[in-house]
Amino acid sequence: MLMERLEILVSGRVQGVSFRAFTAKKARELNLVGWVTNLPDGRVKIVAQGEKDSLQELLELVKLGPPLAKVSKVNSKWSHALESFDDFSVRYDV
């Protein structure tokens, strides 16, 4: 199976609204591995790896976000899988 990597930066009201928990739950449901974290500038960064269709679905889901979020911008970058992750985690250290 060919693994792809997707890096996503999400802007808007995306911190303090359960965005990381939402992302982690959806990524796990899609059998993706990687991580999500808050950035000091107010954005959320997501690094996910897995099958391309699942990554595309995650990208569409984070464009909406959880109910309290207000996503204003999403930047994404595709590449081949670079790292090995055991699961999808929420990172609290930036």
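This is a predicted model: local features need pLDDT of at least 70, side-chain atom pairs count only at pLDDT 80 or more; totals for chains, interfaces and linings use all residues.
Residues are numbered from 1 along each chain as its sequence is written, and side-chain values use heavy atoms, with hydrogens and water left out.

The protein chain contains two helices and five strands; helices (H or I, at least four residues) and strands (E, at least two) are DSSP runs, numbered from the N terminus. Along the sequence these elements follow the pattern β-α-β-β-α-β-β. The radius of gyration of the protein chain is 12 Å, close to the 12 Å that the globule rule gives for 94 residues, so the chain is as compact as a globular protein of that length. This radius is taken over C-alpha atoms, and the globule rule is 2.2 Å times the number of residues to the power 0.38. Along the principal axes, the C-alpha atoms fill a box of roughly 35 × 25 × 20 Å. Of the 94 residues, 41% are buried, where buried means under 20% relative accessible area, exposed over 50%, and partly exposed in between (1.4 Å probe, protein chains only). The accessible surface amounts to about 5,400 Å², and carbon and sulfur atoms hold 49% of it; areas come from the Shrake-Rupley method with a 1.4 Å probe, and for residues only the protein chains shown count as cover. Among contacts (heavy atoms within 4.5 Å) with a separation of 6 or more, 78% join residues 24 or more positions apart.

The five strands form an open sheet of mixed pairing in the order 4-1-3-2-5. Strand 4 and strand 5 (88–91) are the edge strands, each pairing on one side only. Neighbouring strands of the sheet are turned by 15 degrees against each other on average, direction ignored; axes are lines fitted to C-alpha atoms, for helices over the stretch in contact, and angles run from 0 to 180 degrees between N-to-C directions. Two strands are taken to pair if DSSP finds at least two bridges between them. Strand 1 (residues 4–13) is joined to strand 4 (residues 70–80) by ten bridges in the antiparallel sense, with Val-10 having Val-74 as its bridge partner in strand 4. Strand 1 also pairs with strand 3 in the antiparallel sense, over seven bridges. Strand 2 (residues 33–38) and strand 5, by contrast, are parallel and share four bridges; here Ser-89 in strand 5 is the bridge partner of Trp-35.

Both helices lie across strands of the sheet. Helix 1 (residues 19–29) lies across strands 1, 2, 3, 4 and 5 and runs at about 170 degrees to strand 5. Its buried residues are Phe-19, Phe-22, Thr-23, Ala-24 and Ala-27, and their cover includes helix 2 as well as strands 1, 2, 3, 4 and 5. Helix 2 (residues 52–64) lies across strand 1, strand 3 and strand 4, at about 160 degrees to strand 4.

Gln-49 belongs to strand 3 (residues 44–50) and is buried, with a relative accessible area of 2%. Gln-49 is the bridge partner of Arg-5 in strand 3, and the side chains of Gln-49 and Arg-5 also make a polar contact at 3.1 Å. A polar contact is a pair of N or O atoms within 3.5 Å; within protein, one must be able to donate a hydrogen and the other to accept it, and residues adjacent in sequence count only if both atoms are side-chain atoms. Beyond its neighbours within four places in sequence, Gln-49 is in contact with residues including Leu-32, Leu-55, Ala-81 and Phe-85.

Val-90, in strand 5, is partly exposed, with a relative accessible area of 21%. Not counting residues up to four places away in sequence, Val-90 touches Arg-20, Ala-24 and Val-36. Val-90 and Leu-55 are 35 residues apart in sequence, and their C-alpha atoms are 17 Å apart in space.

Most residues other than glycine have a negative phi. Ser-18, although not a glycine, has a positive phi of about 65 degrees; Ser-18 is found in the loop between strand 1 and helix 1 and is exposed, with a relative accessible area of 53%. Asn-31 lies in the loop between helix 1 and strand 2 and is exposed, with a relative accessible area of 67%.
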